[in-house]
Amino acid sequence: MVAFDDTFRRQLHELFVWRRDVRRFRSDPLPEGAIDGLIETGCLSPSVGLSQPWRFVIVDDAARRRAVIDDFRACNADALSCYSGERAARYATLKLSGLEQAPGHLAVFADKASDVGHGLGRATMPETTEYSVVAAITAMWLAARADGIGLGWVSILSPDRIHAILDVPQSWKFIAYLCIGHPEAECDQPELEQAKWEHRRGADEFTLRR
């Protein structure tokens with residue numbers, strides 16, 4: 001059994017603290033093989049029934065990237081219209097994607113039709129397929145930060161339009177569109193907290209004992 005010492009545990013905690021949802025990227029390219037390396041790390045993640053339902057699409061094509069950016073702009077305008085007053089004004093100031101700056105684009109899907117794992121663990125909770133993919137994304141996020149690479153999760157997109165833009169099987173459920181690149185700056189505070197949109201709360205607010 002591999003043993004991890006106190007120094008490693010402290011460094012791991014620091015990695016959690018300094019992981020950020022990055023929206024502001026430098027334009028310099030990623031090291032060769034960086035995205036492939038993150039995908040390999042993601043594939044080490046736990047999955048329900050060892051189903052390994054994650055599916056990754058590296059988006060290099062300029063036209064497809066532009067279509068994703070256009071979709072984000074349309075969806076973001078719709079989201080803004082859901083707010084009013086001071087909250088709308090604050091939303092309009094937020095930078096909510098790094099799609100135009102990030103050198104790397106990666107779409108992540110969950111294959112709902114895969115028979116890998118033979119359905120184990122999914123009969124009562126089929127949504128664990130998607131949860132497994134989110135676990136993979138979290139592992140990639142931390143691995144990227146450890147490598148000095150920023151990762152930003154863009155959710156203000158239309159799943160149907162992303163399916164069409166990337167031409168993927170219908171059985172693949174869209175989970176995330178990730179911007180990947182070197183961050184302009186590093187910070188131990190979420191950007192939305194810096195922008196006074198919301199603040200990070202303590203674990204006691206989310207914990208019950210029974």
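UniProt, in an unreviewed entry, places the feature "domain: Nitroreductase" at residues 18-182; UniProt positions are given in the numbering used here, feature names are shortened, and annotations may be inferred rather than shown by experiment. The structure is a predicted model, in which local features need pLDDT of at least 70 and side-chain atom pairs count only at pLDDT 80 or more, while totals for chains, interfaces and linings use all residues. Residues are numbered from 1 along each chain as its sequence is written, and side-chain values use heavy atoms, with hydrogens and water left out.

The span of residues 18-182 is 39% helix and 17% strand, and its end C-alpha atoms lie 14 Å apart. Helices (H or I, at least four residues) and strands (E, at least two) are DSSP runs, numbered from the N terminus. One of the helices is helix 5, which covers residues 128-146. Helix 5 has 19 residues and reaches 27 Å from its first C-alpha to its last, close to the 27 Å expected at 1.5 Å a residue. The expected span is 1.5 Å times one less than the number of residues in the helix. Just after helix 5, G148 takes a positive phi of about 75°.

Next comes the interior. A residue is called buried under 20% relative accessible area, exposed over 50%, and partly exposed in between (1.4 Å probe, protein chains only). A nonpolar core is a set of buried Ala, Val, Leu, Ile, Met, Phe, Trp, Tyr and Cys residues joined through side-chain atoms within 4.5 Å. The largest such core has 27 residues, and V57, L99, F109, L157, I162, L166 and Y177 touch the most other members. Helix 3 (62-80), strand 2 (104-111), helix 6 (159-166) and strand 4 (172-181) are the elements that give two or more residues to this core. Another core, of 23 residues, lies apart from it and includes I35, F56, W141 and L151.

V2, F4, F8, L12 and F16 make a nonpolar surface patch of about 460 Å². Patches are made of residues with over 30% relative accessible area and no salt bridge, where like charges are joined within 9 Å and nonpolar side chains (Val, Leu, Ile, Met, Phe, Trp, Tyr) within 5 Å. The accessible areas come from the Shrake-Rupley method with a 1.4 Å probe, and for residues only the protein chains shown count as cover. F8 has its place in helix 1 (residues 6-18), and its 35% relative accessibility makes it partly exposed.

Charged side chains are the next topic. Side chains of opposite charge can pair when their charged atoms come close. A salt bridge is a side-chain nitrogen of Lys or Arg within 4 Å of a carboxyl oxygen of Asp or Glu, and the structure holds 13 of them.

D6 and R9 are separated by about one helical turn, because they are 3 residues apart in helix 1. An α-helix has 3.6 residues a turn, so residues three or four places apart point the same way. D6 is partly exposed at 48% relative accessibility, and R9 is partly exposed at 44%.

R55 and D111 also meet in a salt bridge, at 3.2 Å, N to O. This pair links distant parts of the chain, with R55 in strand 1 (residues 54-58) and D111 in strand 2, 56 residues apart. R55 counts as buried at 18% relative accessibility, and D111 is buried at 10%.

In a further salt bridge, the closest N and O atoms of K173 and E130 are 3.0 Å apart. K173 lies in strand 4 and E130 in helix 5, so the pair ties together parts that are 43 residues apart in sequence. K173 is partly exposed at 40%, whereas E130 is buried at 11%. K112, E130 and K173 are linked in a network of salt bridges.

Most residues other than glycine have a negative phi, and most peptide bonds are trans. H118, in the loop between strand 2 and helix 5, has a positive phi near 55°. H118 is exposed, with a relative accessible area of 79%. D167, in the loop between helix 6 and strand 4, also has a positive phi near 55°, and D167 is exposed at 62% relative accessibility.

Which residue lies 7.5 Å from H118, C-alpha to C-alpha, although 69 residues apart in sequence? The residue is G49, found in the loop between helix 2 (34-42) and strand 1. G49 counts as partly exposed, at 24% relative accessibility.
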